[in-house]
Amino acid sequence: MDADVGKTEAALIASRREHLERLRARSGDPFEQTRYETGATSAELAARYGFLENGQDASSEMWSVAGRLLGKRTMGKTVFADLQDATGRLQLYARKDEIGESTFADWDDLERGDIIGVRGYMFRSKMGELTLHVHNLTVLGKSLQPLPDKWHGLQDVEKRYRQRYVDLIVNPDVRETFLQRSRIVSEMRRFIDAQGFYEVETPTLLHVAGGAAARPFLTHANALDQTMQLRIATELNLKRLIVGGIDRVYEIGRIFRNEGIDTTHNPEFTMLELYAAYWNVHDMLEFNEALLARLAETVSGGDTNVRFGDDVIAFRRPFARVAYFDAIEQYSRGALTRERLLDPKGAASALQDLGLPPSPAHGHALDKIFDRVVQENLVQPTFVTDYPAVISPLAKRKANDRELVDRYELFCAGMEISNAFTELNDPDDQRARFEAQAAQRAAGDQEIPEPDWDFVRALEYGMPPTAGIGIGVDRLAMLLTGNVSVRDVILFPLQRQHG
């Protein structure tokens with residue numbers, strides 16, 4: 001840190017502490033306040049008194065509001081100030097002859113960032129701004145750290161993520177993004193619950209983390225003296241519940257994958273996983289489409305169009321559909337055919353042609369080829385169907401094509417949003433696929449999980465025909481709030497330790 005900047009900040013902090021001591025001496029310690037009774041929010045007052053004309057007041061009705069002081073302008077014996085609460089901003093006006101000399105002196109010791117409660121009546125100023133005419137002031141907390149400059153906000157991206165609490169104070173758009181995310185998840189739950197699903201919680205600590213291809217985080221359970229893994233999916237435990245007779249089940253939970261960080265990946269993220277007995281992948285596709293259309297309407301006020309960067313994403317049903325190998329052939333201009341890619345040697349040569357590094361396994365190679373050739377082209381909501389069995393170890397094979405499975409992935413804005421399939425419920429087929437995975441893992445692909453043999457045993461008790469889906473909540477929040485980085489929709493994204 002620049003020495004002059006450090007000194008300036010130190011001086012500012014020292015000054016704020018001096019103001020705190022004057023407040024304590026005059027009116028008591030702000031930090032001893034335990035409660036403040038509010039009667040309305042700034043947004044409620046703005047809505048209630050929107051009818052007031054310039055110079056008109058509603059002095060017969062008194063209101064108490066509380067929030068953070070974001071600006072103060074003293075002009076002789078009057079003060080104008082801006083108070084921010086969770087719903088917005090409200091202008092304040094106070095006069096020395098009305099609130100008394102001691103309370104007016106408290107205003108002198110208030111600074112940007114301090115937390116206050118005020119009581120008064122609403123009026124519209126001659127300049128046309130709705131304002132609270134303050135009769136009482138209570139200081140509820142003192143900000144000892146100076147907030148970033150009010151004109152430029154908190155601009156340093158890394159500091160914004162590291163000090164998200166400051167980011168939320170000074171950047172209203174950021175705060176609105178996270179409130180919108182909360183509304184999205186709430187509406188998601190309402191939609192799912194209305195269709196008879198039960199929300200459950202499954203373990204985060206597992207002996208074997210399965211259900212996806214990803215490196216797990218490792219930890220140690222002292223009580224058991226055993227190494228444990230943080231879950232990379234909730235899939236296998238949710239399907240155990242289907243075996244147990246809970247026919248419609250879901251979980252919105254934290255997932256942990258020990259992999260890279262970029263604009264669409266964070267090692268800790270939120271996933272919706274949902275399973276329905278007696279459904280197939282086509283039922284799940286209809287459900288998926290209806291859910292996303294509803295969520296788009298929720299954030300856009302009834303429309304299904306959402307702006308994302310330079311694009312307008314249209315969540316109007318029906319979404320586009322394209323088969324996996326058809327998409328690769330289309331976007332490779334015929335160079336990469338199904339026949340070539342289903343041959344491990346052909347897939348390896350395709351990697352070389354695309355300038356991609358060799359992959360340790362056939363399925364891994366197909367994933368990389370699809371990502372390079374197809375994914376960025378899928379801007380509007382598109383269901384990619386009929387995936388190869390070699391990259392779908394938990395999906396049921398298509399009845400008329402054993403090399404493919406009943407699976408789709410939904411892509412929007414070049415990102416995978418959801419993954420769904422008709423679940424494999426044949427224990428012998430599942431055992432054989434786990435054995436193949438174990439061989440791939442032994443050959444060096446550490447993203448392939450260890451087989452969960454107890455899951456095979458669960459299937460041997462009988463699981464009904466079932467469809468399942470996983471939806472990345474963070475990426476969905478990105479899309480619906482127009483943010484191009486996943487870190488902008490995760491309150492506290494993972495970062496390198498500071499200092």
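This is a predicted model, in which local features need pLDDT of at least 70 and side-chain atom pairs count only at pLDDT 80 or more, while totals for chains, interfaces and linings use all residues. Residues are numbered from 1 along each chain as its sequence is written, and side-chain values use heavy atoms, with hydrogens and water left out.

- Strands here are DSSP runs of E with at least two residues and helices are runs of H or I with at least four, both numbered from the N terminus.
- Seven of the nine residues in strand β10 (residues 248–256) are buried, so this strand is largely enclosed by the rest of the structure; buried means under 20% relative accessible area, computed with a 1.4 Å probe on protein chains only.
- Strand β6 (residues 198–199) pairs with β10 in the parallel sense over two bridges, pairing being assigned if DSSP finds at least two bridges between the strands, and Tyr198 stands opposite Val249 of β10.
- β10 and strand β11 (residues 268–277) run antiparallel and are joined by nine bridges, with Glu273 in β11 as the bridge partner of Glu251.

**The surroundings of Arg231**

- Arg231, in the loop between β9 (226–230) and α8 (235–243), counts as buried because its relative accessibility is 4%.
- A polar atom of the Arg231 side chain lies 2.8 Å from the backbone oxygen of Arg254, and the side chain of Arg231 also reaches the backbone oxygen of Pro203 at 3.4 Å.
- Leaving aside residues up to four places away in sequence, Arg231 touches several residues, among them Thr202, Leu206, Glu251 and Phe256, where contact means heavy atoms within 4.5 Å.

Conventions: Buried < 20%, exposed > 50% of the residue type's maximum accessible area, 1.4 Å probe, protein only. Polar contact = N/O pair within 3.5 Å; in protein donor to acceptor, adjacent residues only side chain to side chain.
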